[in-house]
Amino acid sequence: MNGIGNEILVVDLRGVGGRVTPDAARALAARAETRFDQIMAIQAPRMEGTDAHIRILNSDGSEAEACGNGTRCVVQALGSETGQKSFRFEIAGRLVAAEEHGDGTVSVDMGAPLFGWRDIPLSEEFADTRAIELQVGPIDAPVLHSPAVVSIGNPHAVFWVDNDVWSYALDRFGPILENHPLFPERCNITIAAVTSRNAMTIRTWERGAGLTRACGSAACAAAVAAARTRRTGRAVEVTLPGGRLRIDWREVDDHIVMTGPAEWEWSGRLDPATGDFERDAPEVASA
Ligand SMILES: N[C@H](CCC[C@H](N)C(=O)O)C(=O)O
């Protein structure tokens, strides 16, 4: 499946047990026909009142604590089996509620953002995480600097630019910043251009996945960081390379609600231990 171009493998392990191993993830990511940005591994529920426990793996085999685009894909996949429209998932110790609307779009309550330096986490103290000292490019003329940092369950740094987000060599700066010692758990790196009080455009270099066509949690991070620095209001339309998401940072409970589409591509079966894969014949898949 995909969430506005963010390539997602939805793997249903309910009833079969087992875990998708990092080696299996890397093997699947290395093959053109199964390459992905994230795996959403659906396991039997552990928490009272939840439909499933979901583990998220990046294409480098590392685990992630949030995946907005992937969660929308899971909702659509499970909903197409039973007609259920509202779901509650346990994801990295957080309770994530989501619902599919009549038009096929899905809203996900991504929870409340965290802003403390230890929550991001950062390796040293910063009192004001709305803009921290971090830059790339020549000391006297940095290309990107003073990012906002925020946790959506996973770590994000958001750099502000006032021109075309495509005019930055994110493929070069991304890995340097992702692995910067300031981020003990690495970091998702986003370039954001605010275009109005309720709109922005972003591009993201994802932790453990690299350049992707969309990153839902990064859209949440950028929207919250923009509102926090008075660049926008709390309801923003975010344009990503693969499409658009609507982000509402609710006043009443500080939760972030992300709304957008999800799309089915093909189905198959795989061995979660090795990544051995077999694609369903098309007629089966369309059933
Ligand atoms: N693409 C995902 C984010 C994955 C985050 C992962 N790159 C990490 O935090 O390690 C999304 O739509 O939210």
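**Exercise 1. What percentage of the 287 residues in the chain do buried residues make up?**

Before we start, note that this is a predicted model, where local features need pLDDT of at least 70, side-chain atom pairs count only at pLDDT 80 or more, and totals for chains, interfaces and linings use all residues. Residues are numbered from 1 along each chain as its sequence is written.

Step 1: call a residue buried if 20 or more other C-beta atoms, placed from the backbone, lie within 10 Å of its own.
Step 2: with that rule, buried residues make up 43% of the chain.

**Exercise 2. Find out whether the radius of gyration agrees with that of a compact globule.**

Step 1: use the rule of 2.2 Å times the number of residues to the power 0.38, with the radius taken over C-alpha atoms.
Step 2: for 287 residues a compact globule would come near 19 Å, and the chain has 18 Å, which agrees.
Step 3: as a further view, the C-alpha atoms fill a box of roughly 60 × 40 × 30 Å along the principal axes.

**Exercise 3. Work out where the ligand lies relative to the two domains.**

Step 1: list the nearest of the 20 residues around the ligand (C-beta atom, placed from the backbone, within 6 Å): Ala 64, Asn 69, Asn 154, Gly 216 and Ser 217.
Step 2: look for elements giving two or more residues to this shell, and you find α2 (68-82) and α4 (216-228). The most come from α2, with 3 residues.
Step 3: domain 1 (2-110 + 262-286) and domain 2 (135-254) both give residues to the shell, so the ligand lies between them. These bounds come from an automatic or database domain assignment.

Technical notes: Buried ≥ 20, exposed ≤ 12 C-beta atoms within 10 Å, placed from the backbone. Helix = DSSP H or I, 4+ residues; strand = E, 2+ residues; numbered from the N terminus.
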